[in-house]
Amino acid sequence: MDRKMIPIQTLRRLPVYLHYLKSIRQNCPNISATAVADAFGLNDVQVRKDLGAASGSGRPKTGYNTEELIEQLEECLGCRSVTKTVLVGAGNLGKALLSYDGFSDYGLDVIAAFDTDSTLTGTLISGKPVLPMEDLEVVCTEKKIHLGIITVPVAAAQSVCDQLISFGIRAIWNFAPTILKVPKGVLVENENLASSLAVLSQHLQAGRAPEAIEQ
């Protein structure tokens, strides 16, 4: 199945379903879309549509075979292939991401980090080498890297983005709280912690949930 045809919002939900299914696989050989929806308080029609994008329809009365559904979701999400990536910015956030071992569950392999700080370059963070920025082009081109992670300060984010794109990067996972300008054909996925905090703060201050915000 072509993952490009799956709506982005569905792709955002599928990993959540996958994690849940893995947590219940030992005690639940079969599961329905309704049961998954109930576990998250979601609309069962939406969950059925989401699962259908990756798996097709469940069986009457028995629903989905849990193991088969896990395999289909992993295939859909690319968990069984390996995507090599580089991370630029080995500060506190960068170090945290380098130390996270859950990326491998989704086929992501951070092969190296890059930084301008000479006290960091030449060191290892969770087994990942931290290299000087001067080596970024060689690594990206020789290793055929197409995904880059940006965890640098705002002031440096656009420059790093431009460099990555010039070195063949086609997709960027951006943790800097800024809007990056990229050419057509390059995808940027933003993880804006400040925006999430603003939504949470509004909820706490207003005493009610704010209106849904389309991400």
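**Briefing: aromatic pairs and a buried aspartate**

Phe175 is buried, with a relative accessible area of 13% (buried is under 20%, exposed over 50%, partly exposed in between; 1.4 Å probe, protein chains only). This is a predicted model, in which local features need pLDDT of at least 70 and side-chain atom pairs count only at pLDDT 80 or more, while totals for chains, interfaces and linings use all residues. Residues are numbered from 1 along each chain as its sequence is written, and side-chain values use heavy atoms, leaving out hydrogens and water.

**Aromatic pairs**

- The structure holds five aromatic pairs (ring centres of Phe, Tyr or the six-membered ring of Trp within 6.5 Å; planes under 30 degrees apart are stacked, over 60 edge-to-face, the rest tilted).
- Tyr17 and Phe40 form a tilted pair, because their planes meet at 50°, with centres 6.2 Å apart.
- Tyr17 sits in helix α1 (residues 8-24) and Phe40 in helix α2 (residues 33-40), so the pair ties together parts 23 residues apart in sequence (helices are DSSP runs of H or I, at least four residues; strands are runs of E, at least two; both are numbered from the N terminus).
- Tyr17 is buried at 1% relative accessible area, whereas Phe40 is partly exposed at 33%.
- Trp173 and Phe175 also make a tilted pair, 5.0 Å centre to centre with 50° between the planes.
- Trp173 is partly exposed, at 21%.
- Tyr100, Phe103, Trp173 and Phe175 form one aromatic cluster.

**Asp115**

- Asp115 lies in strand β4 (residues 108-115).
- The side chain of Asp115 reaches the backbone nitrogen of Asp117 at 2.8 Å.

Terms used. Polar contact = N/O pair within 3.5 Å; in protein donor to acceptor, adjacent residues only side chain to side chain.
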